[in-house]
Amino acid sequence: MKAAKLLIVLFIMLLLQGCWGSRETDEIAYVLALGLDKGPDRNIIATFVIANPKVIAGQAGGGGGGTGKDEEPIITASAIAPLPIAAFHLMNVERSRQLSLLHTNVFIISEELAREGLGIYLNSLNRFRETRGTAFVYICRGRAIDFMNRNRPEMEVTPSKQYELISRAARIHSLTRVVQFQKFYTATKSRDIAPVASLVALNEKGLTGEPSRPGTLGDYLAGDMPSTKGESQLMGVAVFKMDKMVGTLTGDETKYLNMLTGEMQFSFLVIPDPLKENTVVGVSLKQAMKPSIKVSTDGEHLHISVELFIEPELVGVSSGTNYESNIQMNIIESELARIIGEGCRQLVDRSQEEFRSDIFGFGRYARKNFLTVQQWRDYNWGDKYSRAEVDIKVNLKIRRTGLMLKTVPVVR
Amino acid sequence: MDGKSKFGLAEAVVLLTVSNMARIFISFPRTLVEMSGPAAWISSLTGMGLSILQVYLFYMILKPNPGQNIVDIANKSLGNIAGTIFNTIFAFFFLAVAALFTRTFSEALIISALPATPISFLMSGFIMLAVLGSYIGLEAMARSARLTYPFVLSGIVLLLLGLSPLWDLQQVFPILGNGPVNVFIAGGFISGAVTEILLAAVIVKSFHGPEMFFKITSRAMLMGFFYLTMLLLVMVTTLSWNTGQEDTLPFYTLARLVYLGRFFQRVESIFIIIWGFIGIIKVTLTLYASAITLAGTFRLQDHRPLLWPLALIIFTGSILPHDMPAAVRLEALLIREVTWLPTVAMPVVILLVSRLRKRGGPNESG
């Protein structure tokens with residue numbers, strides 16, 4: 001009897017070895033990034049950045065065997081199909097290893113495709129078992145295939161880590177909005193918020209682009225900021241109305257977008273010195289708390305009031321003015337509040353007049369005013385938002401002045 | 001036979017709670033969100049109130065008959081023919097629940113982790129374990145549920161808290177969702193239709209009397225509905241009610257969204273193990289209850305000879321729906337239109353008849 005029980009246990013263990021779906025790691029090749037471009041005849045060109053197992057395994061194992069020493073750590077390959085997942089399946093025809101999307105952490109979509117509408121592609125990506133809601137969505141200025149072919153991360157082995165770390169770094173400048181697939185997908189089907197996604201591009205102009213001016217330090221779209229040629233830049237966002245891209249915001253505008261939605265962790269601003277011409281004051285910005293947003297839907301007119309709470313810190317005063325003193329600090333605080341208020345105002349105006357799209361998600365706050373979903377739908381937020389009256393109040397207080405408590409004038 | 005194995009309050013509460021929680025891992029939360037919109041969690045609270053009323057209804061039936069379960073009471077109150085019909089309906093209800101859960105849990109495993117595995121293999125696995133569990137008996141099930149519960153609980157807490165960066169509390173508005181009728185009546189009745197109270201009334205002999213039945217079942221309902229309400233709140237605030245109703249397996253979708261930095265993500269594999277365990281408990285318990293019910297109905301001394309034929313019925317029943325959406329629709333239909341019959345309407349009849357017989361009893365004898 002004991003032997004029979006043992007045999008049954010062994011038999012069950014044999015059956016439970018991953019059942020029919022087991023795949024050894026050396027049978028799989030992982031796709032790290034998936035790019036989508038408009039293709040011929042209603043097709044798309046799907047580009048896959050695949051981790052090169054020869055090189056990655058060599059690096060992980062300390063280069064044992066010396067295989068893949070001179071090879072690239074990634075392989076870029078493209079296929080044409082009506083849907084991204086269909087292209088993914090086609091790619092398997094050319095590969096010795098079965099491709100897997102389990103480790104794909106970025107979807108890069110060309111601007112051209114985004115402007116035509118992404119609904120059908122998002123549906124496919126949302127439905128497939130291997131794709132993840134935590135993957136980042138980037139909109140590429142130009143063609144995704146070109147970007148993915150030419151982007152070679154200098155500091156990372158794989159672009160997936162590059163994208164992931166760049167996204168985390170966005171917290172310190174807030175000149176873009178990093179969006180995960182699930183959030184983006186939800187927003188494309190939402191009445192109360194319009195989706196946005198990071199803009200990405202390679203810098204083709206090198207240092208020859210237009211330099212920044214005081215007050216407009218990050219006023220660029222991805223790829224336009226003067227820097228070393230060939231670097232990939234994540235700056236600004238693409239604005240959508242439902243699933244169609246309708247415009248772009250520069251880095252500075254994105255900073256104000258992040259302020260208004262309470263998603264700015266840190267940023268910076270360089271403004272003309274209010275007390276001395278041709279000099280500038282640099283401040284780092286921090287959101288003290290989430291903005292207070294109130295939406296009144298009573299009566300005919302929609303009224304939205306937003307109160308921002310910003311805490312800047314002085315980081316550079318080129319004029320040498322003693323802004324640490326109470327009176328002068330008030331001057332700089334008023335000037336900063338005015339500039340931030342104006343920046344936010346202009347952005348709200350653009351969203352109402354140009355995009356006609358509630359990218360701030362004010363609609364979410366408006367839903368409180370309705371008892372049922374039907375009442376909310378009947379209100380027709382999308383239409384009402386473009387005619388809404390929006391008040392923005394900036395509460396700004398410089399809490400810290402860095403490692404200097406007083407600026408002594410330069411003796412000339 | 002049942003009643004031989006007795007276990008404590010904690011084991012019994014956990015056993016029923018785990019069985020009740022099984023529905024949160026499959027498409028049920030989606031059905032509720034589709035019905036009630038952002039107010040699905042309110043429907044769950046309404047369902048909790050209704051389930052406590054059901055517990056009280058069964059307590060009223062069991063209280064005057066200590067030492068007897070609902071099967072014995074139905075036989076005694078309704079007579080042989082009506083009692084047998086009632087009990088057979090109870091048994092088939094358990095079988096239907098077991099068949100649908102076997103199918104939906106197997107489908108869930110295919111969708112999430114084992115796409116190449118034939119469904120018949122997975123269903124056979126569930127059913128074989130259910131037969132084994134039912135054969136060993138209730139005590140073993142209760143104790144293994146108790147033993148595993150801390151891991152299940154910590155897994156769920158981990159998931160809910162791991163999603164906290166994604167919560168958007170504005171998503172719970174409009175507060176009355178798809179309207180009071182959908183939220184309180186339709187949604188309330190869907191979420192309040194539970195198998196575990198009837199099931200507890202079948203296995204009540206292991207509970208040390210009707211007073212314990214009330215304590216155990218009401219606590220299990222409070223805990224089960226607490227988890228359901230929390231999950232619905234997290235689902236609505238994370239996925240939004242609009243796209244949340246698209247998800248086949250909302251719990252799995254949520255698990256896949258946990259992303260706390262580069263080193264804490266992809267935790268769904270933990271939840272697949274929890275699912276498997278909870279699915280097995282649910283199927284085992286319902287198979288066991290149907291065997292006990294039939295054994296009681298036909299006055300058999302041992303329920304075990306019934307296990308294999310009943311397992312075969314469950315397997316056949318579970319393979320009947322053509323596809324996953326059909327199984328989910330059938331499950332929704334069972335919950336919406338059938339569950340209230342064996343869990344409320346028939347117990348009410350048993351209660352009324354037993355009360356009437358009691359009143360008539362002294363007159364007949366006198």
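Predicted model: local features only at pLDDT ≥ 70, side-chain atom pairs only at ≥ 80, totals over all residues.
Confidence was examined in chain A. The mean pLDDT of chain A is 86. Of its residues, 93% reach 70 or more. Residues 62-66 of chain A are an exception to that level, with pLDDT below 50. Beyond near neighbours in sequence, this stretch has two contacts in the model.

The interface was considered next. The size of an interface is often given as the accessible area lost when the parts come together. Between chain A and chain B, the buried area is about 3200 Å². Carbon and sulfur atoms give 54% of that area. Three arginines stand out on the chain A side: A:Arg129, A:Arg132 and A:Arg367 supply 22% of the area that chain A buries against chain B. In residue terms, the contact takes 36 residues from chain A and 39 residues from chain B.

Polar pairing also spans the two chains. Across the interface, 15 residue pairs are in polar contact, with both residues at pLDDT 80 or more. Four helices of chain A each supply at least two residues of the side that touches chain B: helix H7 (159-173), helix H8 (181-188), helix H11 (362-366) and helix H12 (373-379). H7(A) gives the most, with four residues. By class, this side of chain A has 13 nonpolar, 12 polar and 11 charged residues.

Charged pairs were then listed. Side chains of opposite charge can pair when their charged atoms come close. Over all chains, the count comes to 31 salt bridges. Three salt bridges are found across the interface of chain A and chain B. One salt bridge pairs B:Glu268 with A:Arg132, with 2.8 Å between the closest N and O atoms.

B:Glu246 forms a salt bridge with A:Lys189, the closest N and O atoms being 2.6 Å apart. B:Glu246 lies in the loop between helix H10 (241-244) and helix H11 (250-257) of chain B, and A:Lys189 in the loop between H8 and S7 of chain A, so this pair joins two chains. B:Glu246 is partly exposed because its relative accessible area is 34%. A:Lys189 has a value of 33% and therefore also counts as partly exposed.

Other salt bridges stay within one chain. In chain A, A:Glu204 pairs with A:Arg150, at 2.9 Å between the closest N and O atoms. The pair links distant parts of the chain, 54 residues apart. A:Glu204 sits in the loop between strand S7 (196-202) and strand S8 (232-241), and A:Arg150 in helix H6 (residues 144-150). A:Glu204 is partly exposed at 41% relative accessibility. A:Arg150 is partly exposed at 45%. In chain B, the side chains of B:Asp302 and B:Arg304 meet in a salt bridge (3.1 Å, N to O). B:Asp302 is partly exposed at 25% relative accessibility, and B:Arg304 is partly exposed at 34%. Salt bridges that share partners also join A:Asp192, A:Arg364, A:Arg367 and B:Asp168 into one network.

B:Ser36 is found in helix H2 (residues 28-36) of chain B. B:Ser36 counts as buried because its relative accessibility is 0%, and buried means under 20%. Its side chain makes a polar contact with the side chain of B:Ser43 at 2.6 Å. Not counting residues up to four places away in sequence, B:Ser36 touches B:Ser43, B:Gly177, B:Asn178, B:Asn182, B:Val183 and B:Gly187.

Methods:
Residues numbered from 1 in each chain as written. Chains lettered and ligands numbered in written order. Heavy atoms only, no water. pLDDT = per-residue confidence, 0-100. Contact = heavy atoms within 4.5 Å. Buried < 20%, exposed > 50% of the residue type's maximum accessible area, 1.4 Å probe, protein only. Polar contact = N/O pair within 3.5 Å; in protein donor to acceptor, adjacent residues only side chain to side chain. Buried area = accessible area lost by both parts, 1.4 Å probe. Salt bridge = Lys/Arg side-chain N within 4 Å of Asp/Glu carboxyl O. Nonpolar A, V, L, I, M, F, W, Y, C, P; charged D, E, K, R; others polar.
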